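User: I'd like to learn how to read strand pairing and a ligand site in a model. Can you walk me through it?

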Amino acid sequence: MARYVYDLRIARERASTLKRALKDVTVLYAVKANGHPAVVDALAQACDGLDVASIGELALAGKAQRIVLSGPAKTEEFLRAGLARQAVVNVESLTELHRIIALNQPARITLRVNRSHAKLPGSHAMTGTPTQFGIDESQLGEAIALARESEHIDLLGFHLHAVSNNLDVNAHNEFMADAVAWAHAQPIEVRQINLGGGFGVDYTGSRAFDPYQMKIPKTQTELIVEPGRWLVAGAGTYHATVMDLKRSHGRWFAIVRGGTHHFRLPAAWGYSHPFTIVPHDEWDEPFARPTIRDVEVDVAGELCTPRDVLTRGQFVSRLRVGDELRYEKTGAYGWDISHHQFLRHPSPQFVILS
Ligand SMILES: *Cc1c(COP(=O)(O)O)cnc(C)c1O
């Protein structure tokens, strides 16, 4: 009735494509994009390690060789558990740096910096603009001094994750060149530069972020990338069965078993996610099968709110109650960002293809 299908083979293939395209760059998977244990496991092995942002994500890290800790409000429990796994901590603030120093144990860190002048197109810019992330560049001197004072802290370099869903490779190349030059201009010996994720996926069209077009800056320093979306979006499909078809004030609505409590991204971002129809020919209800032809339809879910909409105005040549709608590119920020408990409907099934 409603299900997600995660194809681990696609996720692994994306990881190996990225590793081939970015030869000497360390590739981590940002677990927050899809924390299904099977997906995390597959990518922990196919990539060089994981970027985890909570104690829950850390618990999934299993055999991951390398782990970095992210997130703007790390608890002491999370920090301790991460350090016990030899994780590198991406430090988000001076307070957090104090908190790590107070643990009184060896810690390898990078400083996440919100630079004064970094800019990059794409949604969700997180640097060069006011945000809750990172250390303001104006406080960087203080952070470096604090790290140096502590005998336990090993400051490896910087974490400069800057953007989400960027489809413009040239802009990303400029960002990387600028970030690496910036890092080398800082008054520390830089051994690691984490350039973050943000490689884009086009949900409504066919633009692609091609990693073979990426120009990796020349440097002796280890470079790290940590994409989430690009690795797993295409490895997931979401399927929902049409329960009803109705006309309201001149518009057709298809209402599905499922909706934004399973797949919130279109509602969160305010776009229309396209679907394909998987025809189901069997029909054993004791009434005529509702069917529409050659019309545009909005797809709404089973929640009691008018915002529960996945698609607006997609043309269908035929759609019947009982047919299934298939949503591609739903493997990232799909189930994981959705409000599952709202209305307490049953969860979708999860099918793992391995
Ligand atoms: C979310 C996030 C990522 C992954 O971002 P994508 O847009 O999914 O590639 C990487 N690093 C950090 C610190 C993040 O917060």
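User: In which sense do strand 12 and strand 15 pair, parallel or antiparallel?

Analyst: This is a predicted model. Look at the direction of the two strands: here strand 12 and strand 15 (residues 295-300) pair in the parallel sense, over four bridges. For a place to look, find Phe 253, which stands opposite Asp 298 in strand 15.

User: And how does strand 12 pair with strand 11?

Analyst: Strand 11 (residues 236-248) and strand 12 (residues 251-257) run antiparallel, joined by seven bridges. Thr 241, for instance, has Arg 257 in strand 12 as its bridge partner. The hairpin of these strands has two residues between them, and His 249 takes a positive phi near 45° there.

User: What should I expect of side chains along a strand?

Analyst: In a regular strand, they alternate between the two faces of the sheet.

User: Which backbone atoms come up against ligand oxygen atoms?

Analyst: Check backbone N and O atoms. One from Gly 198 sits 2.8 Å from an oxygen atom of the ligand, and Arg 229 also has a backbone N or O atom 2.8 Å from a ligand oxygen. For Gly 228, a polar backbone atom is 2.9 Å from an oxygen atom of the ligand. As for cover, the ligand on its own has 390 Å² of accessible area, and the protein covers 91% of that.

Definitions and conventions
Residues numbered from 1 in each chain as written. Predicted model: local features only at pLDDT ≥ 70, side-chain atom pairs only at ≥ 80, totals over all residues. Heavy atoms only, no water. Polar contact = N/O pair within 3.5 Å; in protein donor to acceptor, adjacent residues only side chain to side chain. Areas by Shrake-Rupley, 256 points an atom, 1.4 Å probe, with all protein chains shown as cover. Pairing = 2+ DSSP bridges.
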